Amino acid sequence: MASDSYIQQWTQRPVREILAGMVGTFALIPEVIAFSYIAGVSPAVSLFASFVISVSIAIFGGRPGMISGAAGSVALVLAPLVHAHGLQYMLLATLMAGGLQVIFGLLRLHSLMRFVSSEVRTGFVNALAILIFSAQVPQMLGVSWQTHLLIIIGLVIIYLLPRLSKAIPSPLICIIVLTAITIIHPMPVRTIADLGALPTGLPQFTLPQLPLNAETLTITFPYALAVAAVGLLESLMTASVVDDLTDTHGTPQRECTGLGISNIFVGLFGGIAGCGMIGQTVGNLRYGGRGRLSTFTAGAFLLLLMVVLHPWVARVPVAALVAIMIMVSVSTFAWGSLKDLFHHPKLTSLVMLVTVGVVVLTHNLAAGVLVGVLLSGLFFAWHTARLVQVRSTEEHDILTYHIQGQIFFASADLMAEAMTYTTHAHRVTLDLSHARFWDITAVQALEKIVEKFRKHGKEVTVCGLDHAQHGILTEQSDEKAFTI
């Protein structure tokens, strides 16, 4: 789809795109409202955010057909900030996160996604599922038995209805049925109205009412950075899912900057930061949404429904949201990863488990991903270092060391330890034809090896110094250090 013109991405199959976007709206409503109480904000904040993000990302984003909104991952990151400091700090964090995402996009930092290994991504989604489920536990404790019954009925509807028909999203039917039950038979259960006001009009332009001093920025910036990182990670993961399902390619850099611009608009209109939503995106694709019009329609129709139907939406029981969030957590968790623990290499499984553990303990998705990436890099370096081989042969008073493998900070010592400086041979040759030097540590190790052999009266020759492979040696080393 990257080859399609921007105009084509708006005009292709308009009827199907609009219908797919309208179905996507119904998939957005229950989760967006449910995520609002996870974050500790009123439903209006999340609904406004989803409207603004969908409309903006349709214009500025780089992956047509992708649905973005107030997602659970971002809500989980911002929840502690909202609970500790209030809504104004959340708005400032949203603006800052958007600015950071624009900067990340301009600097092409989206390419860092290549360093997020499969096991780290699996740990990310598993930890997200655990956090979403744990956020439902308080809603199931100390409540009436009617609440528990409604949750059970909701889960039955969500999981059994798709076996009969998938024409209407089962979470939406869950909301309708449970709301009808509580209207016909009033009972002591919480409703969405208890969570906060719903929108009755268009969002209003606003700015955070906070002093922009060092204390405010110190409180807000860590959350903004985490939101920016988590939002980009989930959006780029969602975009890759669209790429796989449609056999097309989006524009990751534009998706980064587009998400940043969208979150800036969200902050200016009183919403919570958002990102790509995998479940809603897959649903949009399933119903035929491939272009920008479906994304735009999902947001515009969402606002229309909320303004027109807000008196009814206010009567939806929280139990319906709990049931939906339980379904989201169960479907998000990569259950196959539990079986993979016994089949994948132990270090791979350890990276996934550590990623989950860090996220669950810190409630910080970005921290878990960072630790997972660092651990993956450490294990890769350790494994690669073990592949270095140094073989020696001696002929006609010439001792030759054949060095093979990747020489860098983790393997340079292994190369040095393979040398015997007290050899009886008068000439030493270091054959680098099958080696690759990557950093200054490797260069310095080679220089020390040459220097030590010369201190022992040996004539040293280094061969195999192909500039295409070992440019760092000729650039960083004294040309007189080696006899080539």
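Which element gives the most to the lining of the largest pocket? In this predicted model, the answer is α11, with 7 residues.

Start with that pocket. Its space comes to about 1,000 Å³. Its lining counts 36 residues, and E31, G279, Q280, M327 and S331 are the ones nearest the centre. Several helices take part. Two or more lining residues come from each of α2 (14–39), α4 (72–85), α6 (118–136), α7 (145–164), α8 (170–184), α11 (278–286) and α13 (318–332). Sorted by class, 21 of the lining residues are nonpolar, 11 are polar and 4 are charged.

Move on to the second largest pocket. Its volume is about 500 Å³. Here 19 residues form the lining, with L109, L112, V116, A229 and V369 closest to the centre. Two helices, α9 (214–246) and α16 (365–385), each provide at least two lining residues. Of the elements, α9 gives the most, at 7 residues. How do the residues of this lining divide by class? The count is 18 nonpolar, 1 polar and no charged.

Searching the whole structure for cavities of 30 Å³ or more turns up 1. The largest cavity holds about 50 Å³ of space. Its lining consists of I57, A58, G61, R63, P64, G65, M66, E255, R292 and T295. By class, the cavity lining has 4 nonpolar, 3 polar and 3 charged residues.

Now follow the chain to the strands. Strand β3 covers residues 389–395 and joins β4 through 7 bridges, in the antiparallel sense. One of the facing pairs is T393 with T400 of β4. The hairpin of β3 and β4 has 2 residues between its strands. Within this hairpin, H396 takes a positive phi, near 55°.

Strand β4 (residues 398–407) also pairs with β5 (residues 427–437). These two strands run parallel, and 9 bridges join them. L399 has V428 of β5 as its bridge partner.

Strand β6 spans residues 459–463 and pairs with β5 in the parallel sense. The pairing of β5 and β6 has 5 bridges. Within it, T429 stands opposite T461 of β6.

β4 has β3 as an antiparallel partner and β5 as a parallel one. β5 in turn pairs with β6, again in the parallel sense. When viewing these strands, keep one rule in mind. Side chains in a regular strand alternate between the two faces of the sheet.

Terms used. Residues are numbered from 1 along each chain as its sequence is written. This is a predicted model: local features need pLDDT of at least 70, side-chain atom pairs count only at pLDDT 80 or more; totals for chains, interfaces and linings use all residues. Side-chain values use heavy atoms; hydrogens and water are left out. Two strands pair if DSSP finds at least two bridges between them. Helices (H or I, at least four residues) and strands (E, at least two) are DSSP runs, numbered from the N terminus. On a 1 Å grid over the protein atoms alone, a cavity is a set of points where a 1.4 Å probe fits but cannot get out, and a pocket is an open set with protein on both sides within 12 Å along at least five of seven lines; lining residues have an atom within 4 Å of a point. Grid points are joined across faces, edges and corners, and a volume is the space filled by probe spheres set on the points. Ala, Val, Leu, Ile, Met, Phe, Trp, Tyr, Cys and Pro count as nonpolar, Asp, Glu, Lys and Arg as charged, and the others, Gly among them, as polar.
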